[in-house]
Amino acid sequence: MPEPCEPLQPCEARSDTSSDRPVDLAATGTATLQSGPRSRPWRRRPLPRLRWRAAAPRPATGGPVPGNRGLWSDAWHDLRRNPVFLLSALVILFLVTIAVWPQLIADGNPYQGNLAKAQDGPAPGHPFGFDLQGRDVYTRTVYGARASITVGICATAGAALLGSVLGGLAGFFGGWWDALLSRIADVFFGIPILLGGLVFLSVVTSGSVWPVVGFIVLLGWPQISRIARGAVVTVRQQDYVLAARTLGAGNGRMLLRHIAPNAVAPVIVVATIALGTYIALEATLSFLGVGLKPPTVSWGIDISSASTQIRNAPHMLLWPAAALSITVLAFIMLGDAVRDAIDPKLR
Amino acid sequence: MGRYVLRRLLQMIPVFLGATFLIFFMVYALGDPVAALFGDKAPDPATAARIRKDLYLDEPLWSQYVHYMGQVFGGHFGTAFNGQPVTELMAGAFPVTLRLTIVAIVFEVALGITLGVLSGLRRGRGLDTSVLLLTLVVVSIPTFVSGTVLQYVFGVRWGWARPSVAPEAPFTELLLPGVVLGLVSLAYTTRLTRTSLVENARADYVRTAVAKGLPRRRIVVRHLLRTSLIPVVTFIGTDIGALMGGAIVTERIFNIHGVGYQLYQGILRQNSPTVVGFVTILVIVFLLANLLVDLLYAVLDPRIRYA
């Protein structure tokens, strides 16, 4: 939709398309990478289900908020009182801490094994038991946080940066770049992510986190760019942006001072939720044997090697699996809480 | 309507070409299919060169791609390394995965919409909160974890289902794998139904229906649900393609010889014709499912008319 709105016609339907879509996307939980594309806001097709919602209150992007508080301080005010947010933030804080300093709570060596104890159950000093090589499952579970958190944060940062810059510029300038970007994003959405990951990563021999991060950024940015584009298109049509333009603001100033601060909220929400799904994706790829590879300590690798032994030693699988699920859950819950705070419409 | 379908079909062409070229590029440019053909042994240079010439692999990538696509549209997907035509592999694999996907979709639609409606109608109460929390938990458990654990609990410990599926893969044996495959989507369907229902419950036409004195059941089913299901239908449409491609993990855990199994084997052995052929079909399925969803809009919502 690069063509500008006619000033005299109500642009409700269109601006609502772009403002509601990101919210819907987040509202479904996440647009996960595992299950592919969810919404295509700029498809040139009628999106009538949004038309009869035109009267619904907008997310408070940029609008004056009663009580003299801005969107962010208002959201922060809500978040501080939300137990879900506090709980997930605490869990994430803990995970990040042990990702940086695993020695804090685990003084063993994740690589040191004792074959005599292979697959043994819990023992004093080894609460989670031992794995196939006789390595301490507790130590490995703690050290596994580093790989997951690194991949999650780096991939999200990369995808969010690339996606919001490309999508934001496309939404702001429109024209052929916008159309081209839409088609490119469509192409990336046409590839099932797990298949793309298997094909792309199976030719990579390095077992470090960086190929995985690069791949997730490569297939993750279109999702963010759609959200960013939609948000920018909405904000661009607001009166205060027109006012700034009339006062002679240049493109750079408009983008940085007026548009970016007001369009960043949906991107933050989607990126937070995506962080959780990226962690799950990394573990899935590692499980399939193409993501991280030993000697990197990763929950996905440990679950993969434990899954063949599940009849003898279920504890080998359950602990890393629980750690992985709790990590993903914490990030998704955080994104959910942030969305509720930034977009109170859904309450 | 006809013009709309035509326009959509035309729009699909660049997406199809781009997606298949990307996969083609990854398989043929990043990997070496001729070296893969020889497995662990180093190929004789003269033989390798002859195979390259026979298979057009000495030509530039774009011309290889054009040649490949020409063959695909003639129905020739090439032969796998073991000499079996790829079409034969497809004929064996796609029905199995289709059955698996049907089980998953039926499961997520039936349970997801029911749960979504129940919690949406009781917004903010105990049931609603617990359903929302439960869906979050389900979303955070990756498929490979839930698959392995459920296989262990139901298949091994309790013996309710077969932990490993026979090659023929009848529906009865696919129930557990189907549930595993549809579990994450079930959570999305539930949340989407709930959100959409809650938003539409405030719409004017619902108030009108209430004012007319219609029974509550009729308002919910005929007025509220019909419009609320539109985003759910979109999701399920895109999900069909995603489930068929994402069945790799489930099929690996339960040893189902479907598309994911063949693809996984193909990728591990760098069996290029198999990989590109299967992915091409999956991309087509995915794009057609999206088109079908857009057409379904018109059926579900009479206000939509495609010109």
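**View 1. Packing of helix 5 against helix 7 (residues 209-236) in chain A.** In this predicted model, the two helices of chain A pack at an angle of about 130°, and their axes lie 9 Å apart. Helix 5 of chain A is therefore oblique to helix 7 of chain A. Their crossing is left-handed. Helix 5 of chain A contributes Leu181(A), Ala185(A), Phe188(A) and Phe189(A) to the contact, while helix 7 of chain A contributes Leu219(A), Pro222(A), Ser225(A) and Arg226(A). By class, the residues of this contact are six nonpolar, one polar and one charged.

**View 2. The side of chain A that touches chain B.** The contact draws 49 residues from chain A and 55 residues from chain B. On the chain A side, at least two residues each come from helix 1 (12-27), helix 5 (175-190), helix 6 (193-202), helix 9, helix 10 (299-307) and helix 11. Helix 11 of chain A provides the largest share, 10 residues. The residues on the side of chain A that touches chain B comprise 29 nonpolar, 11 polar and nine charged.

**View 3. Helix 6 (residues 126-140) of chain B and its surroundings.** This helix has 15 residues and spans 21 Å from its first C-alpha to its last, close to the 21 Å expected at 1.5 Å a residue. Its buried residues are Val131(B), Thr135(B), Val139(B) and Ser140(B). The buried residues of helix 6 of chain B pack against elements of both chains: helix 9 (251-287) and helix 11 (314-342) of chain A, and helix 5 (86-121) and helix 8 (175-200) of chain B.

How values were computed
Residues are numbered from 1 along each chain as its sequence is written. Chains are lettered from A and ligands numbered from 1 in the order in which they are written. This is a predicted model: local features need pLDDT of at least 70, side-chain atom pairs count only at pLDDT 80 or more; totals for chains, interfaces and linings use all residues. Helices (H or I, at least four residues) and strands (E, at least two) are DSSP runs, numbered from the N terminus. The expected span of a helix is 1.5 Å times one less than its number of residues. A residue is buried if 20 or more other C-beta atoms lie within 10 Å of its own, exposed if 12 or fewer, and partly exposed in between; C-beta atoms are placed from the backbone. Two residues are in contact if their C-beta atoms, placed from the backbone, lie within 7 Å. Ala, Val, Leu, Ile, Met, Phe, Trp, Tyr, Cys and Pro count as nonpolar, Asp, Glu, Lys and Arg as charged, and the others, Gly among them, as polar. Axes are lines fitted to C-alpha atoms, for helices over the stretch in contact, and angles run from 0 to 180 degrees between N-to-C directions. Angles under 35 degrees count as roughly parallel, over 145 as roughly antiparallel, 65 to 115 as roughly perpendicular and the rest as oblique. A crossing is left-handed if the near helix is turned anticlockwise from the far one by less than a right angle, and right-handed if clockwise.
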